[in-house]
Amino acid sequence: ALGSIKAAGTGTRADPFRTAATTWTFPAAFIAAPAVTGDAWNATTVATRIACSLNAQVAPTTTAVPLIAFRNTDDATDDSMTAMALAVGLWI
C-alpha cells in the first residue's frame with residue numbers, strides 16, 4: 001500500500017497529486033540496478049487504475065527502489081493507493 005494519493009502535489013499538471021515515496025526493498029541485491037515497472041490503483045475504484053501511474057525512481061542501489069503513484073488527472077478524490085511492481089535484473 002502506498003497511502004494517500006494526495007500526500008504531495010497540488011493537483012495541477014506541473015505538480016500532480018502523488019503519494020509519498022515508499023521504499024521497496026528487494027529480497028536480495030541485484031548485480032546491477034534492475035529495470036522496474038508497475039501499476040498503481042485504488043482497489044475500490046477500477047477507473048482510478050487508468051488515471052494513475054507508478055513511478056519507480058531507480059536509485060544508485062541494487063537493494064531498494066522508491067515507488068510513487070501519480071494521479072494523471074485533476075480528480076481531487078483522496079484515494080488510498082495500492083501498487084503492483086516488477087523488478088527485472090540479474091541476481092548472480
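Let me begin with a term: a residue is called buried when its relative accessible area is under 20%, exposed when over 50%, and partly exposed in between, with a 1.4 Å probe and protein chains only. What we have here is a predicted model, in which local features need pLDDT of at least 70 and side-chain atom pairs count only at pLDDT 80 or more, while totals for chains, interfaces and linings use all residues. Residues are numbered from 1 along each chain as its sequence is written, and side-chain values use heavy atoms, with hydrogens and water left out.

Consider strand S5, residues 64-71. Ala64, Pro66, Ile68 and Phe70 point one way from S5, Val65, Leu67, Ala69 and Arg71 point the other way, and all are buried. Because eight of the eight residues of S5 are buried, this strand is largely enclosed by the rest of the structure.

Who are its partners? Strand S4 runs antiparallel to S5 and is joined to it by five bridges, with Ala56 partnered by Leu67 and Leu54 by Ala69. Strand S2, residues 22-25, is also antiparallel to S5, through four bridges, and here Trp24 has Val65 as its bridge partner.

Finally, S1, S6 and S3 form an open antiparallel sheet in the order S1-S6-S3.

Notes: Pairing = 2+ DSSP bridges. Helix = DSSP H or I, 4+ residues; strand = E, 2+ residues; numbered from the N terminus.
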